[in-house]
Amino acid sequence: MAGERLERKLAAILAADVAGYSRLMGEDEEATLTALRAHRHELLDPQIAEHRGRIANTAGDSLLVEFASVVDAVRCAVAIQQGMARRNAELPEPRRLVFRMGINLGDVMVQGQDLLGDGVNVAARLEQISQPGSVYISRMVHDQVQGKLPLTFEALGPQQVKNIAQPVETWRMRWEGEAADPLQPSPKPAGTVRLSIAVLPFQNMSGNPDQEYYADGLTEDLITDLSRIQGAQMIARNSAFSYKGCAVDVRQVARELNVRYLLEGSVRRQDRQVRVNVQLVDGESGAHIWADRFDRKLEDVFSLQDEVTGRLANTLRMSLLDVESRRSREGKPGNLDAQDYAFRAFSELYNRGMSPESFGAALEWVNKALALDPNNADA
């Protein structure tokens, strides 16, 4: 009926499909269909029923399942992936059916038995970018289940997915015994690397939101410099920046990123002066190991980075590579305005998502930087 209002509700949506299904069908259609029916009958459908889920839609190898509880959705996904790992263990690699999954919590529209809307679309897009044998979840799911289940979460940062306007904050769930490669036997869980560090996004304390790009640029440079310290394992920029703007529990972040130390801080830029506060935190206890404040002229900000890197290396007794000699080889920025434009270009790319619009805006800043300093390495 025209004008009839669709029913809407909040639901946890699990989307799943078989990785490489077309290849499997092309190689042996009958055996693939028989195996898929057996997995559905003996594992997937019983687990979905046990966790109070409802299959809203199926098409070939794909499933769309609705849950009233996001915890039930997550438990069901893990149970299925664990069950599939056991069922695949005795099969030759080419005949293994490996599921990839995405889970989202959101508002959905109900039309008969079907579910529609962005709440469903996000789950489907997460499933499409998920690694085989993995479960990718959105921020809404992560915030609801962390601390409630014996799982860890690997932050993957904002993901630009098809037909969703805003990047989707994404985490990969991990559980005990999970295989890094589902086509290979599960390895023993790895412990935390002793000198593993994550640099969290520095806060902009300038009182001007337009200076956000500068705090991000300084954070990026520190990640790059610290990654050159011998013996240090750095967390990638995308994973660390997924915590930007969030009130975080440092111990929880350390567990999720599987690091021993966190470096956090703030930047206040006023005219040609910069003040940087830096704290090194023990990820296990949450205690501050080292903290310092640096006041510099803008022209000296790169020597400030060298000093922060050196202090951190000495505190953790790491072998420090000659960062200053590297800078000499590569050349410090000859024009600070050009470096400022380069920082703005990075900000456009990362904070607005990898889209044609953000690439175009970033390119404008890069061209301005190169016009001032053709040798600027970042530009």
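Me: Hi! In the hairpin of S2 and S3, which residue takes a positive phi?
Reply: That's Gly60, with a phi near 65°. The hairpin has 2 residues between its strands. Keep in mind that this is a predicted model.

Me: OK, and how do strands S2 and S3 run?
Reply: They run antiparallel, with 6 bridges joining S2 (residues 53-59) to S3 (residues 62-67).

Me: What stands opposite Asn57?
Reply: Leu64, over in S3.

Me: Switching to H3. How many residues does it have?
Reply: H3 has 19 residues. From its first C-alpha to its last, H3 reaches 27 Å, close to the 27 Å expected at 1.5 Å a residue.

Me: What goes on at the start of H3?
Reply: A side-chain oxygen of Ser69 comes to within 3.2 Å of the backbone nitrogen of Val71 there.

Me: And Asn88, where is that?
Reply: Asn88 is in H3 too, which covers residues 70-88.

Me: Buried or exposed?
Reply: Asn88 is buried, because its relative accessible area is 4%, and the cut-off for buried is under 20%.

Me: Which residues is Asn88 in contact with?
Reply: If you leave aside neighbours within four places in sequence, Asn88 is in contact with Arg96, Leu97 and Val98.

Me: New topic: how many aromatic pairs are there?
Reply: A search of the whole structure turns up 0.

Me: So what lies over the face of Trp365?
Reply: Lys368 does, at 4.6 Å from the ring centre.

Note on methods:
Residues are numbered from 1 along each chain as its sequence is written. This is a predicted model: local features need pLDDT of at least 70, side-chain atom pairs count only at pLDDT 80 or more; totals for chains, interfaces and linings use all residues. Side-chain values use heavy atoms; hydrogens and water are left out. Helices (H or I, at least four residues) and strands (E, at least two) are DSSP runs, numbered from the N terminus. Buried means under 20% relative accessible area, exposed over 50%, partly exposed in between (1.4 Å probe, protein chains only). Contact means heavy atoms within 4.5 Å. Two strands pair if DSSP finds at least two bridges between them. The expected span of a helix is 1.5 Å times one less than its number of residues. A polar contact is a pair of N or O atoms within 3.5 Å; within protein, one must be able to donate a hydrogen and the other to accept it, and residues adjacent in sequence count only if both atoms are side-chain atoms. Rings of Phe, Tyr and Trp (its six-membered ring) pair if their centres lie within 6.5 Å; planes under 30 degrees apart count as stacked, over 60 as edge-to-face and the rest as tilted. A charge sits over a ring if NZ of Lys or CZ of Arg is within 6 Å of the ring centre and within 35 degrees of the ring normal.
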